[in-house]
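Hi everyone, thanks for coming.

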Amino acid sequence: MKPGTDAVSATVSPAVPDDLCPVATQLSGLMPGDWRALRPVVDRAKCVKCAVCWLYCPVQCVVEKAAWFDIDLRVCKGCGICARECPHRAISMVEEIDG
């Protein structure tokens with residue numbers, strides 16, 4: 001080792017390629033709602049606006065309406081956490097149908 005250098009600076013790092021991860025560097029228009037298999041449906045008669053669904057949603061797709069909460073289906077990934085956590089069983093998961 002040369003005088004005045006330490007072990008860290010003496011090691012040579014290989015060059016990082018420019019195309020290391022092209023998926024992560026190119027903006028995709030794909031939204032979570034484009035690939036889900038199940039979608040949540042809110043029963044407005046059962047919803048009491050307790051906001052439990054809003055608190056537990058990992059992608060924050062639950063939106064507040066005047067008398068209930070609804071789901072932004074563009075963002076919803078269909079995980080079903082909102083339906084499982086709803087204490088009033090106001091949310092059910094239904095199969096997504098292409099059409």
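**Cavities, core and salt bridges**

Let me start inside: the second largest cavity has a volume of about 60 Å³. By cavity I mean, on a 1 Å grid over the protein atoms alone, a set of points where a 1.4 Å probe fits but cannot get out. Grid points are joined across faces, edges and corners, and the volume is the space filled by probe spheres set on the points. Lining residues are those with an atom within 4 Å of a point. Here 13 residues make up the lining, and Cys57, Pro58, Cys61, Cys79 and Cys82 lie nearest the centre of this second largest cavity. By type, that lining has 10 nonpolar residues, two polar and one charged. For the classes, Ala, Val, Leu, Ile, Met, Phe, Trp, Tyr, Cys and Pro count as nonpolar, Asp, Glu, Lys and Arg as charged, and the others, Gly among them, as polar.

Before going on, a word on where this comes from. This is a predicted model, in which local features need pLDDT of at least 70 and side-chain atom pairs count only at pLDDT 80 or more, while totals for chains, interfaces and linings use all residues. Residues are numbered from 1 along each chain as its sequence is written, and side-chain values use heavy atoms, with hydrogens and water left out.

Back to the cavities. The count comes to two of 30 Å³ or more. The largest cavity holds about 80 Å³ of space. Its lining has 14 residues, with Cys47, Cys50, Cys53, Cys86 and Ala90 nearest the centre. That lining splits into 11 nonpolar residues, one polar and two charged.

Now the overall layout. The protein chain has four helices and four strands, taken as DSSP runs (H or I of at least four residues for helices, E of at least two for strands) and numbered from the N terminus. Along the sequence the pattern reads α-α-β-α-β-β-α-β. Of the 99 residues, 23% count as buried; buried means under 20% relative accessible area, exposed over 50%, and partly exposed in between, with a 1.4 Å probe and protein chains only. Taking contact as heavy atoms within 4.5 Å, residues 24 or more positions apart account for 60% of the contacts with a separation of 6 or more.

On to the core. A nonpolar core here is a set of buried Ala, Val, Leu, Ile, Met, Phe, Trp, Tyr and Cys residues joined through side-chain atoms within 4.5 Å. Which members of the largest one touch the most others? Of its 16 residues, they are Val42, Cys53, Val62, Ile71 and Ile91. The elements giving two or more residues to this core are strand 3 (69-71) and helix 4 (81-85). Look at Ile91: leaving aside neighbours within four places in sequence, Ile91 contacts Pro40, Val41, Val42, Cys53, Cys82, Ala83 and Cys86.

Ser92 is partly exposed, with a relative accessible area of 38%. Beyond its neighbours within four places in sequence, Ser92 is in contact with Arg39, Pro40 and Val41. From C-alpha to C-alpha, Ser92 and Val41 are 5.4 Å apart, although 51 residues separate them in sequence.

Finally, the charges. How many salt bridges does the structure hold? There are four, counting a side-chain nitrogen of Lys or Arg within 4 Å of a carboxyl oxygen of Asp or Glu.

Glu96 pairs with Arg36, with the closest N and O atoms 2.7 Å apart. Arg36 is buried at 10% relative accessible area, and Glu96 is partly exposed at 25%. Glu96 also meets Arg39 in a salt bridge, at 3.6 Å from N to O. Here Arg39 lies in strand 1, 57 residues from Glu96. Together, Arg36, Arg39 and Glu96 form a network of salt bridges.

Elsewhere, Glu64 forms a salt bridge with Lys49, their closest N and O atoms being 2.8 Å apart. Glu64 is in strand 2 (residues 62-64), and Lys49 in the loop between strand 1 and helix 3 (52-56), 15 residues apart. Glu64 is exposed at 56% relative accessibility, whereas Lys49 is partly exposed at 27%.

Methods
1 Å grid on protein atoms, 1.4 Å probe; cavity = no way out; pocket = protein on both sides within 12 Å on 5 of 7 lines; lining within 4 Å.
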